[in-house]
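Me: I would like to learn how to read a structure feature by feature, with the general idea set out before the particular case. Could we work through one together?

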Amino acid sequence: KVTCLKCIRPIYPPIALRRGAEGTPKVKVWINKKGEVFKTELISTSGNESIDRSAEKAAINSTFYPLEEETSINIEYDLKIR
């Protein structure tokens, strides 16, 4: 089972905040045996480029508990103005 060790939340892009933009991007991450993310791919866009970039940056900087073998998972980030 894939378990997050250090889950990084995306930083809300100031430009998106000023425009009132929200979104729910989905990012596929590939995780090596050490639990490090070595590749990401945006598989579902939020409709806002800055939100998508922030989600990918958060995903690549997250770490997971060590695994028996390399794997990939999808992470969906919900960026809403509170």
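Me: At its relative accessibility, does E41 count as buried, partly exposed or exposed, and what are the cut-offs?

Reply: The general idea is that buried means under 20% relative accessible area, exposed means over 50%, and partly exposed lies in between, with a 1.4 Å probe and protein chains only. In this case E41 has 38% relative accessibility and counts as partly exposed. Before going further, note that this is a predicted model, in which local features need pLDDT of at least 70 and side-chain atom pairs count only at pLDDT 80 or more, whereas totals for chains, interfaces and linings use all residues. Residues are numbered from 1 along each chain as its sequence is written, and side-chain values use heavy atoms, with hydrogens and water left out.

Me: Which helices and strands does the protein have, and in what pattern do they follow along the sequence?

Reply: Helices (H or I, at least four residues) and strands (E, at least two) are DSSP runs, numbered from the N terminus. Here the protein has two helices and five strands, and read along the sequence they give the pattern β-α-β-β-α-β-β. The radius of gyration, taken over C-alpha atoms, is compared with a globule rule of 2.2 Å times the number of residues to the power 0.38. For this protein the radius of gyration is 13 Å, close to the 12 Å that the rule gives for 82 residues, so the protein is as compact as a globular protein of that length. Along its principal axes, the C-alpha trace spans about 45 × 20 × 15 Å, and buried residues make up 34% of the 82 residues.

Me: Where is E41 found, and which residues does E41 touch beyond its neighbours up to four places away in sequence?

Reply: Contact means heavy atoms within 4.5 Å. E41 is found in strand β3, residues 37-44, and, leaving aside residues up to four places away in sequence, E41 touches K26, V27, K28, W30 and E56.

Me: In which loop is E69 found, and where is the place of E68?

Reply: E69 is found in the loop between β4 (63-64) and β5 (71-76), and the place of E68 is likewise in the loop between β4 and β5. E69 counts as exposed at 57% relative accessibility, and E68 counts as exposed at 78%. The C-alpha atoms of E69 and S44, 25 residues apart along the chain, are separated by 26 Å, while E68 and K1, 67 residues apart in sequence, are 9.6 Å apart in space, C-alpha to C-alpha.

Me: Which residues does the disulfide join, and how many disulfides are counted?

Reply: A disulfide is a covalent bond between the sulfur atoms of two cysteines. The rule applied to the model is a pair of cysteine sulfur atoms within 2.5 Å, and by this rule the count comes to one disulfide. The disulfide joins C4 to C7, with an S to S distance of 1.8 Å. C4 is partly exposed, with a relative accessible area of 23%, whereas C7 counts as exposed at 53% relative accessibility.
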